[in-house]
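Biologist: I should like to be guided through this structure by questions and answers. May we begin once it is shown?

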Amino acid sequence: MKRDIDSCIYQHGKDILESETFQSMENFMQHGNVSVCQHSISVALESIKFVRKFKISCDERAVVRGALLHDYFLYDWHEKALWHNWHGFRHPGIALQNAVKEYSISQIEGEIIKKHMWPLTIIPPLCREAWIITLVDKYVSTLETVGIRKASDMQKIPAGH
């Protein structure tokens, strides 16, 4: 099953995983010692595990791509800057703007990126794929924040998988 999930992530997200911009997110910490890049891959992996475990009918391609790009904000939100105080509210829109510049984003993928911070985004997700990422992102973020999941525990998706 693990190999099938890795293959799914690589198949649907190869262009994202191999992009220099996505890989540059290794330089930005997300939670604890986990980079934004590692966090995004974890959300993609855990989302597909969730979908398959509960046999949820959905667009797996959109789930993978939305998960990989949900935090595509491309800055270090820990740096002292007044506008970073609003990071939780603003970064979904910034991530969507950045993703649209670099990739062809489906409507569902856009919904995932834009709404993954609900309830901070006020308007709730309107599709099951966005709900999945919203829930799994909170789960993964919690594990990273309290130190249950560390960078050393993170799995990388092998290139050419």
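Modeller: Residues are numbered from 1 along each chain as its sequence is written, and side-chain values use heavy atoms, with hydrogens and water left out.

Biologist: In what order do the elements of the protein chain run from the N terminus?

Modeller: Helices (H or I, at least four residues) and strands (E, at least two) are DSSP runs, numbered from the N terminus. The protein chain has seven helices and two strands. From the N terminus on, their order is α-α-β-β-α-α-α-α-α.

Biologist: What percentage of the residues in the protein chain is buried?

Modeller: A residue is buried under 20% relative accessible area, exposed over 50% and partly exposed in between, with a 1.4 Å probe and protein chains only. The protein chain has 161 residues, and the buried part of them is 51%.

Biologist: What share of the accessible surface of the protein chain belongs to carbon and sulfur atoms?

Modeller: Accessible areas come from the Shrake-Rupley method with a 1.4 Å probe; for residues, only the protein chains shown count as cover. The accessible surface of the protein chain is about 8300 Å², and the share of carbon and sulfur atoms is 57%.

Biologist: Which residues of H1 meet H3, and are the two helices parallel or oblique to each other?

Modeller: Helix H1 covers residues 2-17, and its axis lies 10 Å from that of H3 at an angle of about 135 degrees; axes are lines fitted to C-alpha atoms, for helices over the stretch in contact, and angles run from 0 to 180 degrees between N-to-C directions. Contact means heavy atoms within 4.5 Å, and on the H1 side it involves Asp4, Ile5, Asp6, Cys8, Ile9 and Leu17. Angles under 35 degrees count as roughly parallel, over 145 as roughly antiparallel, 65 to 115 as roughly perpendicular and the rest as oblique. H1 and H3 are therefore oblique.

Biologist: Why is H3 described as largely enclosed by the rest of the structure?

Modeller: The expected span of a helix is 1.5 Å times one less than its number of residues. H3 is largely enclosed because the number of its 18 residues that are buried is 14.

Biologist: Which residues does serine 40 contact beyond its neighbours within four places in sequence?

Modeller: Serine 40 belongs to helix H3. With a relative accessible area of 0%, serine 40 counts as buried. Leaving aside those neighbours, its contacts are Phe22, Met25, Ala67, Leu68, His70 and Asp71.

Biologist: Is lysine 55 buried or exposed?

Modeller: Lysine 55 is in the loop between helix H3 (36-53) and helix H4 (60-69). Its phi is positive, about 50 degrees, although lysine 55 is not a glycine. Its relative accessibility is 73%, so lysine 55 is exposed.

Biologist: Which residues of H7 make the contact with H6?

Modeller: The axes of H6 and H7 are 8 Å apart, and the helices pack at an angle of about 35 degrees. From H6 the contact takes in Ile108, Glu111, Ile112 and Lys115, and from H7 Glu129, Ala130, Ile133 and Thr134.

Biologist: Which residue is joined to tryptophan 118 by a cis peptide bond?

Modeller: The residue in question is found in the loop between helix H6 (107-115) and H7. Omega of the cis bond is about 15 degrees, and the partner of tryptophan 118 is proline 119.

Biologist: What is the relative accessible area of isoleucine 122?

Modeller: Isoleucine 122 is also placed in the loop between H6 and H7. Its phi is positive, near 65 degrees, in a residue other than glycine. Isoleucine 122 is exposed because its relative accessible area is 67%.

Biologist: How far apart are the end C-alpha atoms of H7?

Modeller: Helix H7 holds 18 residues, 128-145, and at 1.5 Å a residue they should span 26 Å. The prediction agrees with this, as the end C-alpha atoms of H7 are separated by 26 Å.

How values were computed: Predicted model: local features only at pLDDT ≥ 70, side-chain atom pairs only at ≥ 80, totals over all residues.
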